[in-house]
Amino acid sequence: MTTETTTKVNELGRFIARTTKLVLKPQAFWQDVRERPPTVAEVVWPHMVILVGARALANLLGALFAGQSFGTAIGTFFTAFISCFAAVWIFAFAATTIASAKGGKLGLNDG
């Protein structure tokens with residue numbers, strides 16, 4: 001695994017651990033957040049994957065319930081998954097371009 005892939009896996013692991021702690025021990029969760037605030041990347045990546053995956057899964061189920069074939073539904077699933085990630089990256093590129101044109105600096109590792 002590359003360092004970037006390992007970092008993403010660690011971020012997802014921290015996300016799952018923090019979510020579990022939030023549900024089971026809310027006071028300990030908030031204490032943990034005060035002591036070590038999450039980075040923007042730790043918040044954005046897991047949520048984005050979950051939300052994009054949920055939308056793609058909804059498209060898959062919708063296609064199946066609409067009577068489309070399984071192959072078409074799988075095609076719809078992958079198309080929705082990839083196009084949603086592409087839309088997020090296009091929006092991020094536009095936001096970064098606008099921010100840098102106005103003299104700002106934007107990045108997931110900032111903040």
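Me: Why is Phe78 called partly exposed?
Reply: This is a predicted model, and in it the relative accessible area of Phe78 is computed as 47%. Because buried means under 20% and exposed means over 50%, a value of 47% makes Phe78 partly exposed.

Me: What makes the pair of Phe77 and Phe78 edge-to-face?
Reply: The ring centres of Phe77 and Phe78 lie 5.2 Å apart, and rings count as a pair if their centres are within 6.5 Å. The planes of the two rings stand at 75°, and since angles over 60 degrees count as edge-to-face, the pair of Phe77 and Phe78 is given that name.

Me: Why is the pair of Phe77 and Phe81 called stacked?
Reply: Here the centres are 6.3 Å apart and the planes are at 20°, and because planes under 30 degrees apart count as stacked, that is the word for Phe77 and Phe81. Both residues belong to helix α4 (residues 70-101), where they are four residues apart, about one turn of the helix. Phe81 is itself partly exposed, its relative accessible area being 26%. Phe77, Phe78, Phe81 and Phe85 form one aromatic cluster, and the whole structure has five aromatic pairs.

Me: How do you know that Arg18 and Asp32 form a salt bridge?
Reply: The closest N and O atoms of Arg18 and Asp32 are 3.3 Å apart, and because the limit for a salt bridge is within 4 Å, the two residues qualify. This pair links distant parts of the chain, with Arg18 in helix α1 (residues 3-24) and Asp32 in helix α2, 14 residues apart. The structure holds one salt bridge.

Me: Is Arg18 buried or exposed, and how do you know?
Reply: Arg18 has a relative accessible area of 12%, and because buried means under 20%, Arg18 is buried.

Me: What puts the buried residues of α2 on the same side?
Reply: Phe29, Asp32 and Val33 are buried in helix α2 (residues 26-35). They cover an arc of only 100° around the axis, which places them on the same side of α2. On the other side of α2, Gln27, Arg34 and Glu35 are exposed.

Me: Why are α3 and α4 called roughly antiparallel?
Reply: The axes of α4 and helix α3 (residues 40-65) come within 8 Å and cross at roughly 150°. Because angles over 145 degrees count as roughly antiparallel, that is how α3 and α4 are described. Their crossing is right-handed.

Terms used. Residues numbered from 1 in each chain as written. Predicted model: local features only at pLDDT ≥ 70, side-chain atom pairs only at ≥ 80, totals over all residues. Heavy atoms only, no water. Phe/Tyr/Trp six-rings, centres within 6.5 Å; stacked < 30°, edge-to-face > 60°. Buried < 20%, exposed > 50% of the residue type's maximum accessible area, 1.4 Å probe, protein only. Helix = DSSP H or I, 4+ residues; strand = E, 2+ residues; numbered from the N terminus. Arc of directions from axis to C-beta. Salt bridge = Lys/Arg side-chain N within 4 Å of Asp/Glu carboxyl O. Axes fitted to C-alpha atoms, helices over the stretch in contact; angles between N-to-C directions. Parallel < 35°, antiparallel > 145°, perpendicular 65-115°, else oblique. Left-handed = near helix turned anticlockwise from the far one by under 90°.
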